[in-house]
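Please look at the sequence and the model shown here, and keep both in view while reading.

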Amino acid sequence: MQILENISLKPYNTFGIDAKADRMVIVEPGDDLCSQLPLADGQPYIILGGGSDMLFTTDYHGTVLKLSPEDPDGPSADGVMLRTWGGMVMDDLVQWSLDNGLYGMENLSAIPGTVGAAAVQNVGAYGVEAKDIIESVEVFDIQLRKQMQFTNAECGFAYRDSLFKHTVGRYLVLWVTFRLQSRFVANLSYKALEGLPHTTADELRRSITDLRWQKLPRPEEYGSAGSFFKNPVVDEPTYMRLKAEFPDMPDAHAVGGQYKLSAGWLIDRAGWKGRTQGGAGVWPKNALVLYNTGNCTGSEVTALSKAIQDDIAARFGVALIPEAIIV
């Protein structure tokens, strides 16, 4: 376990926001958290994954808990079951799975962040969500000071949601076990994947990676948190009203009388794509992405976010909810 004092968080968040934390505790595999975790009752703390879904608006006067990025023993596979340290970069795990003849993660290629955060956020892309392949999640319950395991059903997975998002700060995700496949079958259910090369899993992974970077800013060039807003879910009357008023609006898939709209289309239709405000901007190739144009502050990002939310509510009567966690 490593303990760092008065540390800059700029290298630890993909937005590149220059905030500081009073202390960072880096947890490593094998640490006895029951006795070693240096958190006193009532002491403020947050759990940080890869920082790809977190926006810091000020310095953090507390402790940041973070898993080390590597497990010396690496992932372990038992048949199609793959158990992985939560601090591992998710995209590295995707490549590891393919190198070891395990399939089902290809569509999650090039998603920034860690394995643990993928479970918390139930990340998804191109027709696959983490919940589709997660078997179980092992956590340390900080409140009860004990390690425990949740099955897939017990994790309460939903669209960009899980039990862990409703108990913020209670569970530190240590290990995630995935149920994969020993035979590659390309998942091309997402419309944007039609026609992409997919003869092998590696070919599909390369195609999806290229597709993502055509629409998203590369982290080494511009800071962002990927998709900043969730796609809003509305009832049937709201959907029918919007479809009648805006015939060019993409059709929404109905599930249980609820309709998931395209937040990107709403923001683009309102004229925000490519606009900047202060040091923050809306990515010119993807209206869902807010990005750091240079040296912006977290407050500038939240101001832009609020302006977009207010405009979308006024124009369409739809509430946009940030996917990013704002600290």
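Three strands make up an open sheet in the order β14-β16-β15, with antiparallel pairing; here two strands pair if DSSP finds at least two bridges between them, and strands (E, at least two residues) and helices (H or I, at least four residues) are DSSP runs numbered from the N terminus. The edge strands of this sheet are β14 and β15 (254–255), each of which pairs on one side only. This is a predicted model, in which local features need pLDDT of at least 70 and side-chain atom pairs count only at pLDDT 80 or more, while totals for chains, interfaces and linings use all residues. Residues are numbered from 1 along each chain as its sequence is written, and side-chain values use heavy atoms, with hydrogens and water left out.

Between β14 and β16, which run antiparallel, there are three bridges, and Val 233 has Lys 260 in β16 as its bridge partner. Helix α5 lies across β14 and β16 and runs at about 95 degrees to β14, where axes are lines fitted to C-alpha atoms, for helices over the stretch in contact, and angles run from 0 to 180 degrees between N-to-C directions.

Which residues of helix α5 (residues 236–245) are buried? They are Thr 238, Tyr 239 and Leu 242, where buried means under 20% relative accessible area, exposed over 50%, and partly exposed in between (1.4 Å probe, protein chains only). These three cover an arc of only 100 degrees around the axis, which puts them on the same side of α5; the arc is that of the directions from the helix axis to the C-beta atoms. An α-helix has 3.6 residues a turn, so residues three or four places apart point the same way. On the other side of α5, Pro 237 and Ala 244 are exposed. The cover over the buried residues of α5 includes β14 (233–235), β16 (258–260) and α7 (298–316), with contact meaning heavy atoms within 4.5 Å.

A second open sheet has four strands in the order β1-β2-β5-β3, and its pairing is mixed. Its edge strands are β1 (2–8) and β3, each pairing on one side only, and the twist averages 30 degrees from one strand to the next. Strand β3 pairs with β5 (residues 60–67) in the parallel sense over four bridges, with Ile 46 opposite Val 64 and Tyr 45 opposite Thr 63.

In the loop between α1 (33–36) and β3 (45–48) lies Gln 43, which is partly exposed, with a relative accessible area of 24%. Gln 43 and Thr 63 are 20 residues apart in sequence, and 7.9 Å apart in space from C-alpha to C-alpha. Their side chains make a polar contact (2.8 Å), a term for a pair of N or O atoms within 3.5 Å; within protein, one must be able to donate a hydrogen and the other to accept it, and residues adjacent in sequence count only if both atoms are side-chain atoms.

How many disulfides does a search of the whole structure find? The search finds zero, a disulfide being a pair of cysteine sulfur atoms within 2.5 Å. The sulfur of Cys 34 is 20 Å from the closest cysteine sulfur, in Cys 155, which is too far for a bond.
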